[in-house]
Amino acid sequence: MTGEAIAVMLIAIVIIWGGLAVSVTALMVRGRREDVDAREAALAAAHEHLRNPQDAP
């Protein structure tokens with residue numbers, strides 16, 4: 001193999017693994033953000049229920 005081919009393969013590997021790392025990181029951040037949003041919504045619903053218990057189903 002020539003040095004040029006090895007360099008192209010290494011660059012491709014860095015690009016592929018870098019994209020995978022960025023994707024996984026983005027999914028983890030999104031999951032945490034959605035968990036926080038869901039927790040806040042549940043807390044707001046609980047507080048509303050405590051304020052107005054007669055509206056409960």
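The protein chain has a radius of gyration of 24 Å, whereas a compact globule of 57 residues would have one near 10 Å. The radius is taken over C-alpha atoms, and the globule rule is 2.2 Å times the number of residues to the power 0.38. The C-alpha atoms fill a box of roughly 80 × 15 × 5 Å along the principal axes. The model is predicted: local features need pLDDT of at least 70, side-chain atom pairs count only at pLDDT 80 or more, and totals for chains, interfaces and linings use all residues. Residues are numbered from 1 along each chain as its sequence is written, and side-chain values use heavy atoms, without hydrogens and water.

Helix α1 covers residues 3-51. Of the 57 residues, 0% count as buried (buried, under 20% relative accessible area; exposed, over 50%; partly exposed, in between; 1.4 Å probe, protein chains only).

Two salt bridges were found in the whole structure (a side-chain nitrogen of Lys or Arg within 4 Å of a carboxyl oxygen of Asp or Glu). Arginine 30 pairs with glutamate 34, with the closest N and O atoms 3.1 Å apart. These residues are four apart in helix α1, so about one helical turn separates them. Arginine 30 is partly exposed at 45% relative accessibility. Glutamate 34 is partly exposed at 42%.

Arginine 51 pairs with glutamate 48, the closest N and O atoms being 3.8 Å apart. Here the spacing is three residues in helix α1, again about one helical turn. Arginine 51 is exposed at 58%, and glutamate 48 is partly exposed at 38%.

How values were computed
Helices (H or I, at least four residues) and strands (E, at least two) are DSSP runs, numbered from the N terminus.
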